[in-house]
Amino acid sequence: MSQQMQFPPGAPVPTGAPAPQAARNGLGIAALVLGVIGALSGLIPLMFWFAGTLGLLALIFGLVGRGRAKRGQATNKGVALAGALLGIASLILSVVGAVITFTAVKDTVDEINKSLETSTAQPKSGGSEGEDAAGTGGDSKDAEGEALHAGDTAEYDTGLSVTVSKATAYNVGEFAVGHKEGQKAYKFTVQLENKGKEKFDSTLTLVEARAGKDGKAAEQIFDGTVGEGFNGKILPGKSASVEFAFDTPAGAKNLDVEVSPGLEHEASQWDLGL
């Protein structure tokens, strides 16, 4: 009796439609969120770099999400499109913000450079008082040449002028500071005149001196009102004068005076005969 081969039953044949796949809406939603944040960031010029980055991502995600919607893999075509459009808006705002930021930085740097520019003085002869100084006849030198002399005036293009008088012997008081035994003290007057249209702040005006053959810095003498220095603002059309005294070696023949009227003006030098 022959035996028949028996085989296990095969897998059942599926019936009906396949189960639907979940919609892939993630990129469209991400594009919308990034686009909104990027557009809001673009309203702040300094955030242009952040807006540009988010805008680029929103545009890419939005285009990919819209492509999925066309293929039936996503159901938020409108959301993806809105995210892409917001991404474009963010990129535009980032460009505008970058232009505004760089322009503002450039203007600020230009203002700083302008404020640091110094005004060059043009010398002007002081007349008879200058003639008394070491027989120079009061002849003023050019701005890049030798020092000025007693009574000469340094005139700046800002309207400020500086005049230094001749040096005269000074009797040092009992409580003076800066004088040494065996040295000789001399005083002179520095006058600032404001011929410009704006107030001039004289507070930063610096007066220094050198004396002797070796040109060592002369010690400034503070004695009562002498040596107090300039203070306050000088109105247009007004002037201010201050007396300065310096200690010099006994055999010094000249006193080299340098006046620096603030940061906006170059220093000017005077050679005063003693």
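**Strands, helices and burial**

Reply: Strand β6 and strand β12 (residues 239–248) run antiparallel and are joined by 10 bridges. Within this pairing, A185 has D247 of β12 as its bridge partner. The model is a predicted one, in which local features need pLDDT of at least 70 and side-chain atom pairs count only at pLDDT 80 or more, while totals for chains, interfaces and linings use all residues. Residues are numbered from 1 along each chain as its sequence is written, and side-chain values use heavy atoms, with hydrogens and water left out.

Me: How are the helices and strands themselves identified, and how many does the protein chain have?

Reply: Both are DSSP runs numbered from the N terminus, a helix being H or I over at least four residues and a strand being E over at least two. The protein chain has four helices and 14 strands.

Me: Which strands form the open sheet, and what makes two of them edge strands?

Reply: Five strands form the open sheet in the order β2-β14-β13-β8-β9, with mixed pairing. The edge strands are β2 (148–149) and β9 (216–217), each of which pairs on one side only. Inside the sheet, strand β13 (residues 254–261) is joined by six bridges to strand β14 (residues 268–273), the two running antiparallel, and E258 stands opposite Q269 in β14.

Me: Why is α1 called roughly antiparallel to α2?

Reply: Helix α1 (residues 26–42) and helix α2 (residues 48–70) pack at an angle of about 155°, with their axes 7 Å apart. Angles run from 0 to 180 degrees between N-to-C directions, and the axes are lines fitted to C-alpha atoms, for helices over the stretch in contact. Because angles over 145 degrees count as roughly antiparallel (under 35 being roughly parallel, 65 to 115 roughly perpendicular and the rest oblique), α1 is roughly antiparallel to α2. Contact, meaning heavy atoms within 4.5 Å, is made by residues including L27, L34 and I37 of α1 and L54, F61 and V64 of α2.

Me: Why is S41 called buried, whereas K166 is called partly exposed?

Reply: Buried means under 20% relative accessible area, exposed means over 50%, and partly exposed lies in between (1.4 Å probe, protein chains only). S41 has 10% relative accessibility and therefore counts as buried, whereas K166 has a relative accessible area of 39% and is therefore partly exposed. S41 is placed in helix α1 and, leaving aside its neighbours within four places in sequence, is in contact with M47, F50 and A51. K166 is placed in the loop between β4 and β5, and its C-alpha atom is separated by 9.9 Å from that of L255, 89 residues apart along the chain. Of the 274 residues of the protein chain, 34% count as buried.

Methods
Two strands pair if DSSP finds at least two bridges between them.
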